[in-house]
Amino acid sequence: MTSAGAGAADAEALDAALADTVRRTGASIGALYLLTPDEQQLFLDVLYGAPADFAAPWVRVPVAGPAPVADAVREDRVVWVARQEEMARRYPRTAMALPYPLALAAAPVTGVRPWGAVLLMWPATRPPYMTQRERGHIMSSCGRLARLIEEAVGRGRSPAPHDLPRTLPAGAGPRAAGPALAAADFVERLPGGGCALDLEGHFTYLSAGACELLGRDADQLLGTLPWQSLRWLDDPMYEDRYRAAVISREPVVFTACRPPDRWLDFHLYPDSSGISVRIVPSGTRPPTSPAVPRTARTVAPTRAGRLYQLMHLAAALTEVVGVQDVINLVADQIVPAFNAQGLVLSAADAGRLRVTGYCGYDPHTIERLDGLPLDTAFTPAGQALSSGIPAFFSHPEEMRRIYPEASLVSGKQAWAFLPLIVSSRPVGCCILSYDQPHEFTAEDRAVLTSLAGLIAQALDRARLYDTKHDLAHHLQQALLPRALPTVPGLRIAARYLPATRGMDIGGDFYDLIPLGDTAVAAVIGDVQGHDAAAAALMGQVRTAVHAHSTLGTPDRVLSATNRLLTDLGHDLFTSCLYARLDFAARRLTLASAGHPPPVVRLPGRDTRPLAVPPGPLLGIDADAVFPVTEVSLVPGLTLACYTDGLIETPGVDLDESIAALVRHLAEADDRDLNALIDTLVGAMGTNRQRTDDIALLVLQHLGRP
């Protein structure tokens with residue numbers, strides 16, 4: 001068998017397994033998502049029971065994104081959504097693009113490693129819970145899919161993303177001619193009219209009564225979409241009713257007016273094979289809106305699917321944070337949504353267009369396009385930015401007539417130049433391109449023009465965020481020590497981890513201060529807040545502690561620093577732990593200003609928190625007293641100082657968290673202190689989402705001068 005034939009056989013096996021999963025679980029729609037090679041995205045590989053264009057907003061799903069299949073893969077669990085209301089609460093972006101009554105489950109496809117996820121949908125009439133037996137069926141089916149994928153990988157055929165998913169029909173096989181003719185006769189005898197649509201919306205059967213009511217012959221309608229062949233049904237509202245029937249598998253009714261004034265009721269009855277439609281004259285005319293003069297349409301209305309797609313992308317653009325997030329979203333969702341093969345996203349910077357992201361182009365082409373003036377005449381970008389009007393070129397000849405060099409440099413065959421403008425200010429330009437000539441319909445142009453405004457807003461916000469983030473990062477790095485001093489007889493490691501939300505900046509700090517040849521001071525502190533004000537005060541506290549370290553004992557150092565902060569009158573308060581290691585006297589003395597107790601590990605792995613009586617936070621009481629604690633400084637002693645971000649977890653008692661830290665430090669390998677810090681951060685569960693920043697300072701006395 002050829003490699004192509006073997007690949008097709010693997011795909012057929014996956015398709016059959018997915019179809020069997022849908023049937024066994026009683027679902028109406030199923031989808032198989034697989035991880036991309038970099039495991040950052042899920043791509044839709046197979047779709048069962050629905051047209052491919054229904055899934056356009058979810059052909060690519062970021063693993064880190066807020067979606068049921070992403071949660072299933074990321075958290076390795078079955079995600080169950082029982083009702084549309086629950087969907088709106090948990091996954092608002094998905095609910096916006098899928099506003100139909102349904103139940104949904106997403107389950108991970110995992111074998112020797114994660115491979116992807118299965119998505120299943122049921123009509124909303126099913127019970128709002130999932131039994132253990134159902135979960136078992138779903139996970140068993142996912143295991144079977146994982147084995148099929150691993151067998152294909154073992155034969156050298158790894159999953160690879162493709163432009164469109166494979167679609168599997170869910171209908172039953174053809175019926176015998178006799179029953180079919182009897183059924184047709186039965187329909188013809190009924191009053192009104194009847195017709196059938198496949199799941200993609202095409203007419204597959206029309207009775208004579210339906211043709212009379214619709215005003216067309218059967219041969220004019222068979223194989224067509226109602227909203228294309230019947231102009232009076234060319235409204236997104238009617239297409240949306242069809243989509244609601246397909247997705248929810250629930251009966252749907254709507255009323256439409258066949259010009260000039262004949263009102264018809266359409267009753268849609270869906271199942272897995274298609275939709276049966278009953279058409280009858282409406283008994284009463286529904287309430288009407290004030291008449292609006294209408295002219296012959298010259299612009300086709302936007303399809304309902306495109307409207308939901310636009311809403312989905314708009315919601316996604318509101319969630320991006322940095323410029324790279326904008327680039328990834330445009331490349332991963334907008335480019336495939338419009339079947340484009342190339343992207344160049346440029347930002348306006350100092351009078352030039354700087355390429356911030358691209359795909360589908362070679363680097364040499366990007367070098368030629370990078371840094372063009374905003375008013376460039378080399379490509380249509382300059383004219384689009386100056387006029388604010390998008391430019392569409394469906395064929396290379398159209399481009400060549402006005403911009404002869406641009407088409408040669410690009411190597412593409414069709415282009416959409418979308419100016420990104422915010423409040424009459426050019427932000428950049430987004431270029432979608434195609435490897436073959438591409439006709440841009442009026443609908444495409446309208447949607448892309450709307451998207452350009454949303455991309456411009458998102459890019460402008462993202463650039464501002466990145467600027468603030470870079471400023472905060474450089475400020476934080478400037479205020480923390482660039483490198484800790486080398487102290488003979490002492491091993492040292494330190495780490496600062498910002499909160500995962502906010503400006504990536506905070507008030508936690510650490511320092512190591514040599515005190516002559518025989519002593520050193522270790523300092524760790526936490527200024528209230530996670531913003532630039534906290535970082536600025538942190539710099540003042542660190543400088544004050546450093547300046548007062550010559551006063552000797554830890555209580556005197558903290559007292560002097562406290563008086564200074566009280567005089568400055570800051571609204572923010574600071575906790576601080578000051579530890580003096582005297583190698584000559586072999587003593588460790590400590591004082592605390594409301595700081596969590598350090599943890600000490602002695603030779604033999606005897607580990608415990610040090611009982612350091614805390615004084616008040618710095619900056620509250622100028623006359624505060626800070627008690628001193630003294631212990632022996634023995635060779636092999638390890639001292640771990642930390643801020644509360646390491647131990648504070650919502651719903652967990654602080655003493656329990658400190659006890660867990662003691663246990664993890666006792667069990668950790670101390671041959672590499674940096675690896676030890678990694679172990680502590682991972683064990684305490686703070687290596688993922690953090691609501692507070694963290695500082696750690698770990699010292700180990702080797703016993704040598």
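Let's start with a pair of strands: S16 (residues 391-393) and S17 run antiparallel to each other, joined over three bridges. Helices and strands here are DSSP runs (H or I of at least four residues for helices, E of at least two for strands), numbered from the N terminus, and two strands pair if DSSP finds at least two bridges between them. Within this pair, Ala391 sits opposite Phe417 of S17.

A word on what you're looking at: this is a predicted model, where local features need pLDDT of at least 70 and side-chain atom pairs count only at pLDDT 80 or more, while totals for chains, interfaces and linings use all residues. Residues are numbered from 1 along each chain as its sequence is written, and side-chain values use heavy atoms, with hydrogens and water left out.

Back to S17, which spans residues 414-422 and is mostly covered, with eight of its nine residues buried. Buried means under 20% relative accessible area, exposed means over 50%, and partly exposed is in between (1.4 Å probe, protein chains only). S17 also pairs with strand S18 (residues 425-434), again antiparallel, over nine bridges; Ala416 has Leu432 as its bridge partner in S18. Two residues lie between the strands of this hairpin, and Ser423 takes a positive phi near 55° there.

The side chains of Arg425 and Asp460 form one, at 2.9 Å from N to O. This pair links distant parts of the chain, as Arg425 belongs to strand S18 and Asp460 to helix H17 (residues 442-479), 35 residues apart. Arg425 counts as partly exposed because its relative accessibility is 41%.

The count comes to 21 salt bridges. Another of them joins Arg74 and Asp71 at 2.2 Å, N to O. These two are three residues apart in helix H2 (residues 68-75), so about one helical turn separates them. Arg74 is partly exposed at 40% relative accessibility, whereas Asp71 is buried at 9%.

Now for a sheet. Five strands make up an open sheet in the order S19-S29-S28-S24-S25, with antiparallel pairing. Strands S19 (490-497) and S25 (607-609) stand at the edges with a single partner strand each, so one side of each has no neighbour in the sheet. On average, neighbouring strands of this sheet are turned by 15° against each other, direction ignored. Inside the sheet, S28 (residues 638-642) and S29 (residues 694-701) pair over five bridges, and Thr638 has Gln700 as its partner in S29. Helix H20 (residues 654-667) lies across S24 (599-601), S25 and S28, running at about 150° to S25. For such angles, axes are lines fitted to C-alpha atoms, for helices over the stretch in contact (heavy atoms within 4.5 Å), and angles run from 0 to 180 degrees between N-to-C directions.

What about the nonpolar parts? A nonpolar core is a set of buried Ala, Val, Leu, Ile, Met, Phe, Trp, Tyr and Cys residues joined through side-chain atoms within 4.5 Å. The largest one has 62 residues, of which Tyr33, Leu214, Phe266, Leu268 and Ile279 touch the most other members. Helix H10 (residues 236-248) gives the largest share, six residues. Apart from this core lies another, of 50 residues, including Tyr496 and Cys641.

Technical notes:
Salt bridge = Lys/Arg side-chain N within 4 Å of Asp/Glu carboxyl O.
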